[in-house]
Amino acid sequence: MSLRDFLERFRPTGTPGAAATGVPADRAAERAAELEPALNQLTAVQQEAARIRAAADEAAGRLRRDAAREAEGIVAAARERAPELRRQAAAPVLRDALREADAVRAAGDRAAAEVRERARERMPALVDRAVADALRLATGAGAAP
């Protein structure tokens, strides 16, 4: 039997009339006795929640580190593959540029051949004129006809 139960015996029963003597009720102790088991359970739950949060923080940190390592690996692999991918992407453009350069070169060669052909055709007449002009000037023959 607890002290509280023992002291409850001396409590007035509430009879009308003259004041009765007794032991005053300890409301704070009653509340503490009533709430203490529930609060003790809450303390255990709070400790368990703190443990779960700590484990979750640790798992999240591990996940972040693993994700960072994986991202670094992906970036390293991408950097390693980048030159080859650039070469592959540039290959069609380079082929087209080379094809266009060949076409321009061929057109230039054709134009140069035409100029050489015209020069070959016109050269004898131009040489004859130049020689005639030079001889006329050398002999003092006068103005050209």
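**Figure 1. Asp133 and Arg136 form a salt bridge in this predicted model.** The closest N and O atoms of Asp133 and Arg136 are 2.2 Å apart. Both residues belong to helix H2, where they are three residues apart, about one turn of the helix. An α-helix has 3.6 residues a turn, so residues three or four places apart point the same way. Arg136, by contrast, is listed among the buried residues of H2.

Figure 2. Asp96 is part of helix H2, which covers residues 27-139.

**Figure 3. Arg105 forms a salt bridge with Asp102.** Here the closest N and O atoms are 2.8 Å apart. Arg105 and Asp102 both lie in helix H2, and three residues, about one turn of the helix, separate their positions. Asp102 is partly exposed, because its relative accessible area is 43%. A search of the whole structure finds eight salt bridges, including the one between Arg105 and Asp102.

**Figure 4. Helix H2 has a kink at Arg122.** The kink amounts to about 45 degrees and lies shortly before the proline Pro124. The buried residues of H2 are Gly61, Ala82 and Arg136. After H2 comes Gly140, which has a positive phi, near 75 degrees.

**Figure 5. A nonpolar patch on the surface is formed by Met1, Leu3, Phe6, Leu7 and Phe10.** Together, these residues have about 550 Å² of accessible area. Leu3, one of the members of the patch, lies in helix H1, which covers residues 3-8. Leu3 counts as exposed because its relative accessibility is 62%, a value over the limit of 50%.

**Figure 6. The whole protein chain contains two helices and zero strands.** Of the 145 residues in the protein chain, 2% are buried. The protein chain exposes about 12,700 Å², and 60% of this area is supplied by carbon and sulfur atoms.

Definitions and conventions:
Residues numbered from 1 in each chain as written. Predicted model: local features only at pLDDT ≥ 70, side-chain atom pairs only at ≥ 80, totals over all residues. Heavy atoms only, no water. Helix = DSSP H or I, 4+ residues; strand = E, 2+ residues; numbered from the N terminus. Salt bridge = Lys/Arg side-chain N within 4 Å of Asp/Glu carboxyl O. Buried < 20%, exposed > 50% of the residue type's maximum accessible area, 1.4 Å probe, protein only. Patch = residues over 30% accessible without salt bridge, like charges linked within 9 Å, V, L, I, M, F, W, Y side chains within 5 Å. Areas by Shrake-Rupley, 256 points an atom, 1.4 Å probe, with all protein chains shown as cover. Bend = angle between axes of the 7 residues up to and from the residue.
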